[in-house]
Amino acid sequence: MPASPSTARAINDRLALRLLQREGPLTAGQLKQLTGLSRPTVADLVERLTDAGLITVVGEAGEQRRGPNAKLYGIVAGRAHLAALDVRTEGVAVAVSDLVGTVLAEASVPIGGDTGTGPAVERAVALVERAVKEAGADRPHTVGIGAPGLIDPASGELRDSSGLPQWHRALVATLQERFPDARVSVENETNLAALAEQRDGAARDRDTFVLLWLGHGTGAAVVLDGKLRRGASGGTGEIGFLPVPGTTGLPSATDCAGGFHSLAGSAAITRLAAEHGLTAEGARAPDAARLVGEAVARTGGGEGDAARRFLDVLADRIALGVASVVAVLDPGCVVLGGEVGQAGGAPLAALVEERVRRMSPLPAAVRPSDLGGTAVLRGALLTARDQAQDELFAPPGRSV
């Protein structure tokens, strides 16, 4: 059956808004060409969307052109403000953007392991409030949060996880209380990193791929046929628990020591570097990433036998996890993400790919992350933007 006039208008409006989101400002003539709609239909939808406060004239097409046909229409960026959080065990990073994704404010705050739940939550919430104010807004329309741990697929809530700070779960609830009109959602950090790499990073040309996160801990995100897969319990990609050779034991249900984490987590990488004469203070992810980056730089200059041996052994370890993923999922592409994956760059990715090629009959490209440690925040911001636009672009009287 043909669509009713109101339904057809809603479909046309959403189509035009999506084009403006993807392409940027367009003239009415360009909208006509891209949508295939008639000139009167385009004129009507431009008027409707302008009256609704969703689009506005943002300029003219060409210095010499004037008149109605030259007007460039764009989404009203200030219609809503979005907040994104990257929640780590040692702190929080925040970014606030407008509706089209332009970042207006960024901030971060460290939160030590000895900080109590209440003070930690207040410190993080105060950071969000300051960033929103700096962006010129009173409150965020949508808040996207990336955090380590499992997300319950039924409720969408962050589960209690051993080894993770209690303030993580409390932060999500407190943000919803502090911003009661905002839509607050939380997603596993590695999943958000994969979404960012798919949209803006190393997997732009892939509908199916796996992102292997190498940072303070290890994790994996699985994208199949363009869709993020979370699994029956939300635990797809908990690769840190994968039993692998080369460790001193086996992981347990509550501790990934003895699993892949023991080979490729930041503490393990730092210890491996020390064994090869490369040292750094502590065992935090930035230290591991710096060591890997320095090793790549030394081998790239034709020097550093110790650095070369370190990278070879590290590639051996990472290849165990990658080959396991390839054997089960056949993703065709694995992106090495996180601070360590970005620091290793193309040289480390090439070493891992060479080893996987020898271990598996299934072809798999191994690529370095384009976004590295910023991918989680980028993914949270993209998710918040999609949610806000879905709501604001919905026909009047309907929610999505």
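In this predicted model, Val222 finds its bridge partner in β10, namely Arg229. That contact belongs to the pairing of β9 with strand β10 (residues 227–229), where 3 bridges hold to the antiparallel sense. The two strands make a hairpin with 2 residues between them, and here Asp225 takes a positive phi near 50°.

β9 also has a partner in strand β8 (residues 209–214): the two run antiparallel and are joined by 6 bridges. Within this pair, Leu212 sits opposite Ala220 of β9. Once again the arrangement is a hairpin, with 3 residues between β8 and β9. As for burial, strand β9 (residues 218–224) is largely enclosed by the rest of the structure, because 6 of its 7 residues are buried; the cut-off for buried is under 20% relative accessible area.

Then there is the open sheet. It is put together from 5 strands, in the order β5-β4-β3-β6-β7, with mixed pairing. Its edges are taken by β5 (103–110) and β7 (183–188), each of which pairs on one side only. On average, neighbouring strands in this sheet are turned by 15° against each other, if direction is ignored. In general, the strands of a sheet pair through backbone hydrogen bonds, and they can do so either parallel or antiparallel. The parallel sense turns up between strand β3 (residues 82–88) and strand β6 (residues 142–147), which pair over 5 bridges. In that pair, Ala83 stands across from Val143 in β6.

Key:
Residues are numbered from 1 along each chain as its sequence is written. This is a predicted model: local features need pLDDT of at least 70, side-chain atom pairs count only at pLDDT 80 or more; totals for chains, interfaces and linings use all residues. Side-chain values use heavy atoms; hydrogens and water are left out. Buried means under 20% relative accessible area, exposed over 50%, partly exposed in between (1.4 Å probe, protein chains only). Helices (H or I, at least four residues) and strands (E, at least two) are DSSP runs, numbered from the N terminus. Two strands pair if DSSP finds at least two bridges between them. Axes are lines fitted to C-alpha atoms, for helices over the stretch in contact, and angles run from 0 to 180 degrees between N-to-C directions.
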